Amino acid sequence: MKGRKLLMIPGPIEFTPEVLNEMARPTTSHVSPDFIACFGECLEMTREVFLAPSAQPFIVAGTGTFGMDMVASNLIEPGDRALVVNTGYFGDRMGDILSRYGAEVDHLRAGIGEVADEDELREALKAKEYTLVSMTHVDTSTAVMTDVGTLAPIAKAAGCLTVVDGVCGTAGAECRTDEWNIDVHLTASQKAVGVPPGLSLLTFSEDAMDKFRERDEPVANYYADIDNWLPIMEAYESRSGAYFGTPAVNLIYALHVSLKQILAEGMDERFARHERLAGAFRAGAAAMGLEMLPASEKEAAPTLSALYYPEGTDASLCPAIADEGVMVATGLHAEIKEEYFRVGHMGDCNESDILSTLGAIERALSSRGYTCSAGSGVQAAQDFLTGK
Ligand code: PMP
């Protein structure tokens, strides 16, 4: 491993050398002609990566949680009702943020590892009127993927604004923002977008912008207020500089490189590659006797996997995997966090990373006294990748 470990946690991920080089370039003025062009192109490319040709993009310094805060602070007014299609830890967080700004929040929960289906959503929307329905595309605590393409149009047809937390999905798991009626799609830089932590990326539909414009009360969060950010995004997109808060210059340069790499691969090809690598990883894990947390393949995310520790092993497996050269993450869902671990496979991840990780897991399992047939995980993944 040449003195460094392969980073296979669900964000931050391994970044490309071209992206990392941008972090070391001399920082320019945020209103230099070069930077203005770079920021303007980032906004345009965000629309392409999000498949949101008609949306208003925002790129703001902050983490994914700031993006959630930006949604809630701008779109919620006291007394609004919000429904969270909850698949784990980040659904809970979204609920907390929405209620912080005065929303009455209900959660539509399924069992751990599952997600509510369209009938359950329809029932919930019939039972009460909601202003906003939020869903996490891929919940990083459970590796459960929500069928946003089915659920978002149902919520939209019921007159709700639809919000998708794409932090662990965007640019890896298929998400068609405009086609799927997603009013706000938010993500962060450090996962499949492929840039070190520190940027929030969002797109707002015309309906979301209208809801903001129709507010009675000013936005309670000064830094998040769209009134402050919209003129900045519009200025950069029309290739002039503007200032509200200093942009994260080097991160934006890095984002420019990453978005170009993503678009050069092609969105459909990228979604398919993530599905393929995830399929290979899950085939390998299953062959070693590891059970996954998502209830079915249909709900299993293409960007990360969550696997139960097999009988006789526990959370000490993760440092043992690190000793074998690969960093993975422990559990996050409060109710079962001691029972499972998580492996990210998104962004620049490739076939060799998947095989290395399965090999490291097998060696670590063996060091914890769990045996499976030698090479079975790697073999199954290879068979999957070669179509056997
Ligand atoms: N939503 C999801 C689905 C996430 O995975 C994360 C980060 N793990 C967040 C929101 C919050 O993002 P951040 O840690 O960048 O604030």
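**Exercise 1.** Work out which residues come nearest to the ligand.

Step 1: Of the 13 residues around the ligand, pick out Thr63, Thr65, Thr140, Asp165 and Lys191, which come nearest; a residue is near if one of its heavy atoms lies within 4 Å.

Step 2: Keep in mind that this is a predicted model, where local features need pLDDT of at least 70, side-chain atom pairs count only at pLDDT 80 or more, and totals for chains, interfaces and linings use all residues. Residues are numbered from 1 along each chain as its sequence is written, and side-chain values use heavy atoms, with hydrogens and water left out.

Step 3: Look at the N and O atoms. The side chain of Thr140 has an N or O atom 2.3 Å from a ligand oxygen, and the side chain of Asp165 has one 2.6 Å from a ligand nitrogen. For Gly64, a polar backbone atom sits 2.8 Å from an oxygen of the ligand.

**Exercise 2.** Decide how α2 and α8 are oriented to each other: parallel or perpendicular?

Step 1: The axes (lines fitted to C-alpha atoms over the stretch in contact) of α2 (residues 33-49) and α8 (residues 226-237) come within 7 Å and cross at roughly 105°.

Step 2: Angles of 65 to 115 degrees count as roughly perpendicular, so α2 and α8 are roughly perpendicular to each other.

Step 3: The contact (heavy atoms within 4.5 Å) includes Phe35, Phe39 and Arg47 of α2 and Met233, Tyr236 and Glu237 of α8.

Conventions:
Polar contact = N/O pair within 3.5 Å; in protein donor to acceptor, adjacent residues only side chain to side chain. Axes fitted to C-alpha atoms, helices over the stretch in contact; angles between N-to-C directions. Helix = DSSP H or I, 4+ residues; strand = E, 2+ residues; numbered from the N terminus. Parallel < 35°, antiparallel > 145°, perpendicular 65-115°, else oblique.
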